[in-house]
Amino acid sequence: MSTETMGSDSLELKSGLAGFFDDWSSDQRAFKGVPWGKAMMWIFLVSDTFIFGCFLASYMTVRMSTLDPWPSASEVFALSFGGDPIPLILIAIMTFVLITSSGTMALAVNYGYRKNKWVTFWLLLATALLGATFVGMQVFEWSKLIFEEGVRPWGNPMGAAQFGSVFFMVTGFHGFHVSIGVIFLFIFSYKVARGHLETQQAGWFTKRGGNYEEIEILGLYWHFVDLVWVFIFAFFYLW
Amino acid sequence: MMEHIAHDETSFVRPAEIGEMELYHPKTWLGKYVFSQDAKTIAIQYAATAIAIGMVALVLSWLMRLQLAWPNIFNFIDPAYYLQAVTMHGMIMVVYLLTALFLGGFGNYLIPLMVGARDMVFPWLNMISFWVYFTAVVLLAASFFVGGGSTGAGWTLYPPQAILPGTPGSEAGILLMLASLAVFIIGFTMGGLNYVVTILQARTRGMTLMRMPLTVWGIFVATVLALFAFPALFVSAIMMSLDVLLGTSFFMPAIMTMGNEADHVGGNPLLFQHLFWFFGHPEVYIVALPAFGIVSDLISVHARKNIFGYRMMVWAIVVIGALSFVVWAHHMYVSGMNPYFGFFFATTTLIIAVPTALKVYNWVLTLWQGNIHFTVPMLFSIAFLLFFINGGMTGLFLGNATVSMPLSDTLFVVAHFHMVMAVAPVMVVCGAIYHWYPKITGRWYHEGMARFHFWVTFVGSYLVFLPMHYLGIMGVPRRYFEISGTTFLPDSAQSVNASITIAALVVGFAQLVFLYNLIVSAFNGRQASGNPWNATTLEWQTEHTPPEHGNFGKELPCVYRWAYDYSVPGVEEDFIPQNVPPGNAQA
């Protein structure tokens with residue numbers, strides 16, 4: 001009979017580390033009550049963290065290895081409204097907009113679970129518009145750097161060529177993430193407004209029914225993109 | 001444990017936590033066979049594509065060997081052509097064949113069946129994953145035909161040379177290679193997320209993690225490694241593409257090329273090496289861990305004995321996976337990095353040998369006093385052990401910084417990694433294909449051809465790679481177009497090269513027999529029963545052979561025991577399938 005008790009089918013709860021491993025390796029699901037899509041989004045975000053981690057590590061490496069002086073962020077990213085240039089003002093507004101969108105997103109998730117269709121819709125739309133505003137300001141920032149200050153991926157008048165290279169690459173990759181998020185926010189505000197998440201209407205591609213958990217999954221992605229921005233903000237603009 | 005009083009067969013397992021999976025049953029031919037969302041069909045698509053591009057890489061290795069053996073005879077192989085063959089052979093075999101075959105092929109086929117799921121958790125994403133992979137293969141194959149040909153930078157693609165004029169394929173080949181890798185990674189991420197979530201969140205009732213077959217454990221940890229290691233390659237592919245396309249200097253220092261100063265300044269070539277090997281070393285285990293897992297199951301089934309030290313085997317897989325992220329710079333001892341780094345990475349490299357050796361001991365101890373059936377899968381499993389032990393031993397030489405320095409960039413390295421991560425996993429691939437062939441096709445392979453394939457491949461691969469160790473110790477460099485005329489090498493080195501080439505050609509043709517066997521037997525083979533090996537795992541307990549869409553019948557199986565109840569004392573049959581309830585086994 002001894003072979004039949006292999007594994008963790010004993011009924012008593014174990015304490016400490018043994019209990020932790022028992023929980024983790026238990027029947028059917030490692031994360032109890034977590035839907036598949038949410039688990040998948042979490043794991044994807046860890047993988048994406050490695051991508052941004054590699055980008056930021058590469059940025060620091062090239063910043064150390066280049067011999068030319070690194071341009072001063074507070075001068076390059078200053079913006080003048082008639083008077084003296086104010087350092088980092090645009091970035092401050094962009095950061096404020098993006099963090100605000102995290103707030104509206106969190107509320108959208110909450111109202112989604114309450115099945116409050118229209119509040120969820122407006123909050124999702126607000127999140128999408130704030131995200132779009134962020135991308136718009138990034139376009140403005142990029143065009144100012146390119147057309148007024150002459151910063152190019154391969155060089156710039158202020159110093160090390162890598163400044164422009166990593167700036168465009170990393171903020172571009174982040175902006176791409178934000179844009180994808182904005183597209184999905186628009187798609188989901190449409191789905192919420194049409195009631196697709198309540199009627200569990202099958203998705204366009206996947207043929208699977210949707211539900212309000214998907215708002216939370218989208219929220220996970222959106223908060224992650226915001227969190228990445230905090231790191232980019234710290235490493236690019238404050239250093 | 002008599003306190004489990006069974007009222008009926010299912011009272012031993014918890015009630016179902018997950019509702020039935022929605023499956024999309026396509027009505028069109030296109031939806032059924034081309035854009036199929038059935039993991040088993042996707043698995044076969046992955047495997048077929050991987051083997052097809054792998055055959056290209058096999059032919060490339062023949063061309064390399066022909067040049068090395070008889071340098072002046074094959075005039076169409078010029079140095080550039082040779083380097084292109086080296087590069088494409090390496091990259092295709094490691095990424096597009098082995099990674100795709102183990103994870104996309106075996107992963108897709110076996111994960112849902114072995115954990116008792118109807119399909120992957122997101123079948124549509126799974127389908128897209130294959131087509132993105134297919135696109136990556138097409139991009140890669142396209143690079144053979146563009147102006148300047150495919151890249152000849154070596155599979156490591158080190159800058160600056162990879163993108164400077166003078167290196168073959170520096171025009172379009174390198175860009176297509178980088179694009180193909182990026183696309184591959186995107187496709188893999190889609191599939192990989194599916195595999196991981198299916199294993200974590202979609203197991204059947206009673207299938208705890210510690211009851212999963214080691215095959216699933218190996219594929220699971222390898223997929224996690226891939227999800228965390230491929231980002232480094234993805235990022236370096238983007239940065240190198242920018243260096244080529246936009247003239248940025250991520251990896252490019254100020255450098256003279258063709259007598260002129262290049263436009264680059266201030267970049268860091270070592271950065272690429274670190275990023276590449278941060279991917280590259282886990283990649284070794286991405287290929288090896290599924291092989292470890294599968295071979296454990298093959299040995300257990302065909303020796304009719306439970307796997308020795310199941311828990312240790314699981315932990316060894318997990319620990320190897322974790323350690324594989326902190327050994328990467330042992331590929332860079334000669335790169336000029338800080339010697340203290342070398343010390344650190346040599347230490348971690350030797351530490352990773354501990355769980356690996358533990359696994360080898362456990363395989364041998366599983367065989368020990370087992371009821372060994374010398375079936376074709378068992379033969380390949382034993383061959384795997386021999387190759388793996390051999391390759392692992394030379395790994396100890398190359399892991400030590402001081403010993404590794406003189407051996408660096410010689411054929412010793414080539415012999416080492418072919419033994420440990422090329423031939424050894426390929427032995428498992430062959431064994432696994434033969435093992436699951438009756439389930440996948442419902443028919444038997446031709447036994448005689450399979451045994452012929454085994455013996456030629458086994459003996460031939462030794463004849464190819466064992467002499468390479470001697471050539472390497474003599475100082476024959478790798479990736480060289482020609483070694484004749486070098487004074488420190490005796491003429492006999494050339495004779496050894498010729499003999500290696502003959503063996504390589506024979507081994508290569510044996511693979512054609514293998515493919516012929518697989519294709520012809522799928523139509524003409526003997527009918528196979530549902531569980532011809534008397535195995536315990538769930539994929540052998542399906543209602544239909546081959547399993548239908550949805551894998552199991554109306555009810556998903558319940559799991560009552562681990563996967564290794566072979567030759568249990570007091571039980572008449574020498575195996576108890578995982579879905580047999582306690583008490584019923586004695587019958």
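**Interface and local geometry of the two-chain model**

Arg304(B) is buried, at 5% relative accessibility. Here buried means under 20% relative accessible area, exposed means over 50%, and partly exposed lies in between (1.4 Å probe, protein chains only). Arg304(B) sits in the loop between helix H7 (269-302) and helix H8 (310-323) of chain B. Helices (H or I, at least four residues) and strands (E, at least two) are DSSP runs, numbered from the N terminus. The phi angle of Arg304(B) is near 50°, a positive value in a residue other than glycine.

The model is predicted: local features need pLDDT of at least 70, side-chain atom pairs count only at pLDDT 80 or more, and totals for chains, interfaces and linings use all residues. Residues are numbered from 1 along each chain as its sequence is written, chains are lettered from A and ligands numbered from 1 in the order in which they are written, and side-chain values use heavy atoms, with hydrogens and water left out.

The model scores ipTM 0.93 and pTM 0.94. Chain A averages a pLDDT (the predictor's confidence in each residue, from 0 to 100) of 89, and 95% of its residues score at least 70. Residues 1-10 of chain A have pLDDT below 50; beyond near neighbours in sequence, this stretch has 18 contacts in the model. Contact means heavy atoms within 4.5 Å. Chain B averages a pLDDT of 93, with 97% of the residues at 70 or above. In chain B, pLDDT stays under 50 over residues 1-6. That stretch has 9 contacts beyond four places in sequence.

The interface was examined next. In it, 50 residues of chain A are in contact with 64 residues of chain B. The area buried between the chains is about 5200 Å², and carbon and sulfur atoms give 67% of this. Buried area is the accessible area (1.4 Å probe) that two parts lose on being put together, summed over both. On the chain A side, Gln28(A), Trp36(A) and Met40(A) lose the most area to chain B. Together they account for 16% of what that side buries.

Between chain A and chain B, 2 salt bridges are counted. A salt bridge is a side-chain nitrogen of Lys or Arg within 4 Å of a carboxyl oxygen of Asp or Glu. One salt bridge pairs Arg29(A) with Glu17(B), the closest N and O atoms being 3.2 Å apart.

Three helices of chain A give two or more residues each to the side that touches chain B: H1 (16-24), H2 (36-65) and H6 (161-193). H2(A) supplies the largest share, 16 residues. By class, this side of chain A divides into 25 nonpolar, 17 polar and 8 charged residues. Ala, Val, Leu, Ile, Met, Phe, Trp, Tyr, Cys and Pro count as nonpolar, Asp, Glu, Lys and Arg as charged, and the others, Gly among them, as polar.

Arg208(A) lies in the loop between helix H7 (196-199) and helix H8 (213-238) of chain A. Its relative accessible area is 17%, so Arg208(A) is buried. The side chain of Arg208(A) reaches the backbone oxygen of Val121(B) at 2.7 Å. Leaving aside neighbours within four places in sequence, Arg208(A) is in contact with residues of both chains, including Trp36(A), Gln201(A), Met21(B), Glu22(B) and Phe122(B).

Several sites within chain B were also examined. Gln84(B) is found in helix H3 (residues 79-115). Gln84(B) counts as buried because its relative accessibility is 13%. Its contacts beyond four places in sequence include Gly148(B), Thr151(B) and Pro168(B). Leu379(B), in helix H10 of chain B, is buried, with a relative accessible area of 8%. Beyond four places in sequence, Leu379(B) is in contact with Phe374(B), Arg451(B), Phe454(B) and Trp455(B).

Gln369(B) has phi near 60°, again positive in a residue other than glycine. This residue is in the loop between helix H9 (339-367) and helix H10 (376-399) of chain B. Gln369(B) is exposed, with a relative accessible area of 74%. A cis peptide bond joins Pro159(B) and Pro160(B), with omega about 0°. The bond from Thr545(B) to Pro546(B) is cis, with omega near -5°.

Notes: Polar contact = N/O pair within 3.5 Å; in protein donor to acceptor, adjacent residues only side chain to side chain.
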